[in-house]
Amino acid sequence: MRKKIVAGNWKMNTLPNEGVELAKTINEYVKTLNQDEKYKVILGVPFTHIDKVVQAVDLNLVSVSAQDCAMYESGAYTGEVSAKMIKSANCEYAIIGHSERRQYFGDTDEVIAKKLEMCYNNDLFPILCCGEKLEERENNSHFEVVEKQILNALINVNSEKMQNTIIAYEPVWAIGTGKTASPEQAQEMHEFIRKILSEKYGEEIANTTSILYGGSVNSKNAKQLFSNKDIDGGLVGGASLKSEEFIAIINAIRE
Ligand code: PEP
């Protein structure tokens, strides 16, 4: 089923006890809402927080995500955290291919494809990120760039795996900049992504895949963005660290 989703990406922020407090506040709020399986709230937390946040929330109300996973199953990869380790902490999701991983840690499309495989092998649901840089939008290659990122990442992903995948479109120029894509720009790209999925997997899978928008989403712009037919919610960075803001964004997917 195509779900409306608000996913927070805390990035490298908060200490575990602060993260637990934030997660509890979100959990308490979600508890007051009418439960409907059409909606989902996910918290993308640092590795050190996963276990504690999983224990602090009701996993029927709030799901937990890692922000990455290793491209290997296990072995001599100092500093890496495997999909199996993440799953063993009852964490259900992993953000894969975030532009900050691509930009600062060398995550290429090939690496991202391997990380996706690790997620599927270990029953983690990936949130696959894509998005163009400012110069790519300015020279009008944004559709081409996003298409390449998606097709390269999904190269070995069959229909069954695709059904367990969320896509997040995050134009790099809008992440952490306060500069949001206009609802028209976001809708146009989301529709394009759905067309790519339809060509590869057929209309049914394309229409049941949740495609999130990310890039300076906040309580003021969320409703306008989420009211577009192909925008199924948001991947939220900065605003996910403030409970009031994040709660307002959760409300925006339900309006
Ligand atoms: C993100 O980190 O995925 C993100 C969209 O960040 P921000 O909302 O701060 O732009």
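The model is predicted, so local features need pLDDT of at least 70, side-chain atom pairs count only at pLDDT 80 or more, and totals for chains, interfaces and linings use all residues. Residues are numbered from 1 along each chain as its sequence is written, and side-chain values use heavy atoms, with hydrogens and water left out.

**Stop 1: helix α7**

Select residues 142-153. This is α7, with twelve residues. Helices here are DSSP runs of H or I, at least four residues, and strands are runs of E, at least two, numbered from the N terminus. From first C-alpha to last, α7 reaches 17 Å, close to the 16 Å expected at 1.5 Å a residue. The expected span is 1.5 Å times one less than the number of residues.

Now colour H142, V145, V146, Q149, I150 and A153. These are the buried residues of α7. Buried means under 20% relative accessible area, exposed over 50%, and partly exposed in between, with a 1.4 Å probe and protein chains only.

Next, show what covers the buried residues. The cover includes α4 (99-105), α5 (109-121) and β5 (125-130). It also includes α6 (134-138), β6 (166-169) and α9 (183-201).

**Stop 2: helix α5**

Select 109-121. The 13 residues of α5 should span 18 Å at 1.5 Å a residue, and its end C-alpha atoms are 18 Å apart, which agrees. Its buried residues are D109, V111, I112, A113, K115, L116, M118, C119 and Y120. They pack against α3 (83-88), β4 (93-96), α4, β5, α7 and α8 (159-162). Step past the end of the helix to D123, which follows α5 and has a positive phi, near 55°.

**Stop 3: two buried leucines**

Pick L124, in the loop between α5 and β5. Is L124 buried or exposed? It counts as buried, at 2% relative accessibility. Contact means heavy atoms within 4.5 Å. Leaving aside neighbours within four places in sequence, L124 is in contact with A83, I86, K87, C91, E92, Y93, A94 and C119. Draw a C-alpha to C-alpha line from L124 to K87: they are 37 residues apart in sequence and 6.5 Å apart in space.

Move to L128, in strand β5. L128 is buried, with a relative accessible area of 2%. Not counting residues up to four places away in sequence, it touches I96, I112, L116, A153, L154, T165, I166, I167 and A168. L128 and I150 are 22 residues apart in sequence, but 8.4 Å apart from C-alpha to C-alpha.

**Stop 4: the cavity**

On a 1 Å grid over the protein atoms alone, a cavity is a set of points where a 1.4 Å probe fits but cannot get out. A pocket is an open set with protein on both sides within 12 Å along at least five of seven lines, and lining residues have an atom within 4 Å of a point. Grid points are joined across faces, edges and corners, and a volume is the space filled by probe spheres set on the points.

How many cavities of 30 Å³ or more are there? The count comes to one. Select its lining: G97, S99, R102, C129, C130, G131, Q149, E170 and V172. The elements giving two or more residues to this lining are α4 and β5. By class, the lining has three nonpolar, four polar and two charged residues. Ala, Val, Leu, Ile, Met, Phe, Trp, Tyr, Cys and Pro count as nonpolar, Asp, Glu, Lys and Arg as charged, and the others, Gly among them, as polar.

**Stop 5**

The largest pocket holds about 470 Å³ of space. Of its 20 lining residues, the closest to the centre are K11, M12, Q67, R101 and F105. The largest share of the lining, four residues, comes from α4.

The second largest pocket holds about 300 Å³. Of its 15 lining residues, select M1, Q163, N164, T165 and T208, the closest to its centre.

**Stop 5: two loop residues**

Find N140, in the loop between α6 and α7. It is not a glycine, yet its phi is positive, about 65°. N140 counts as exposed, at 61% relative accessibility.

Finish at S216, in the loop between β7 (211-214) and α11 (222-226). S216 also is not a glycine, and has a positive phi of about 55°. At 17% relative accessibility, S216 counts as buried.
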